[in-house]
Amino acid sequence: MEYKGCFRPDELAANIEADFGLVWDGDSVSTCSGVLGEYLRIIAPHKLSFYLSAGLPVVVWKESAMVQFVEDNGVGIVIDSLDRLGECLADITPEEYSRLKANATDMAVRLSQGQFLKEAIRKAEALID
């Protein structure tokens, strides 16, 4: 582990040095268990948007609420246990990683431009009209 210093919130994403962002919570490495693990079944935590805003592909638990979003957008991998993480990462080819990285970078642009918020507002306005 290496300490990288302290960053303001708006500088943090630009200073991450990683290949993936891990979105995992709970009291076990085998599965996301306990209260926090159960919470992951129904929400997409801030970690997901944070890592994607930094252009990092993500690793998510197979039973989390984030699976469909991650798979539909090709922005990460889905695993059932952290015990298998090394094996899963080793199976990713350079071409696959490039695709995940490109998709995560595209998602970072969409997030920074507020595209999801704009879409939600358009849908809400359509319901009102």
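A residue is called buried when its relative accessible area is under 20%, exposed when it is over 50%, and partly exposed in between, as found with a 1.4 Å probe on protein chains only. The structure described here is a predicted model, in which local features need pLDDT of at least 70 and side-chain atom pairs count only at pLDDT 80 or more, while totals for chains, interfaces and linings use all residues. Residues are numbered from 1 along each chain as its sequence is written, and side-chain values use heavy atoms, with hydrogens and water left out.

**Overall architecture**

- The protein has seven helices and three strands; helices (H or I, at least four residues) and strands (E, at least two) are DSSP runs, numbered from the N terminus.
- Read from the N terminus, the order of these elements is α-β-α-α-β-α-β-α-α-α.
- Of the 129 residues in the protein, 27% are buried.
- A contact requires heavy atoms within 4.5 Å. Among the contacts with a separation of 6 or more, 54% join residues 24 or more positions apart.

**Cysteines**

- A disulfide is a covalent bond between the sulfur atoms of two cysteines. The criterion applied is a pair of cysteine sulfur atoms within 2.5 Å, and the search of the whole structure finds zero disulfides.
- Cysteine 6 counts as exposed because its relative accessibility is 71%.
- Cysteine 88 has a relative accessible area of 16% and is therefore buried.

**Helix 3 and its surroundings**

- The buried residues of helix 3 include Leu48, Phe50, Tyr51 and Leu52. The buried residues of this helix pack against helix 1 (9–12), strand 1 (21–23), strand 2, helix 4 and helix 6.
- Two packed helices are described by the angle between their axes and the distance between the axes. For helix 3 (residues 46–53) and helix 6 (residues 94–112), the axes come within 7 Å and cross at roughly 105 degrees.
- Axes are lines fitted to C-alpha atoms, for helices over the stretch in contact, and angles run from 0 to 180 degrees between N-to-C directions.
- Helix 3 and helix 6 are therefore roughly perpendicular to each other, given that angles under 35 degrees count as roughly parallel, over 145 as roughly antiparallel, 65 to 115 as roughly perpendicular and the rest as oblique.
- Ser49, Leu52 and Ser53 of helix 3 meet Ala104, Met107, Ala108 and Leu111 of helix 6 in this contact.
- The contact comprises five nonpolar, two polar and no charged residues. In this classification Ala, Val, Leu, Ile, Met, Phe, Trp, Tyr, Cys and Pro are nonpolar, Asp, Glu, Lys and Arg are charged, and the others, Gly among them, are polar.
- Glycine 55 follows helix 3 and has a positive phi, near 80 degrees.

**Two buried serines in loops**

- Serine 64 is situated in the loop between strand 2 (58–61) and helix 4 (67–73), and its relative accessible area of 8% makes it buried.
- The side chain of serine 64 reaches the backbone oxygen of tryptophan 61 at 2.9 Å.
- Serine 64 and alanine 44 are separated by 20 residues in sequence and by 8.0 Å in space, C-alpha to C-alpha.
- Serine 81 occupies the loop between strand 3 (76–79) and helix 5; with a relative accessible area of 9%, serine 81 is buried.
- A polar atom of the side chain of serine 81 lies 3.0 Å from the backbone nitrogen of aspartate 83.

**Leucine 89**

- Leucine 89 belongs to helix 5 (residues 85–90) and counts as partly exposed at 31% relative accessibility.
- Apart from its neighbours within four places in sequence, leucine 89 is in contact with Phe20 and Ile77.

Key:
Polar contact = N/O pair within 3.5 Å; in protein donor to acceptor, adjacent residues only side chain to side chain.
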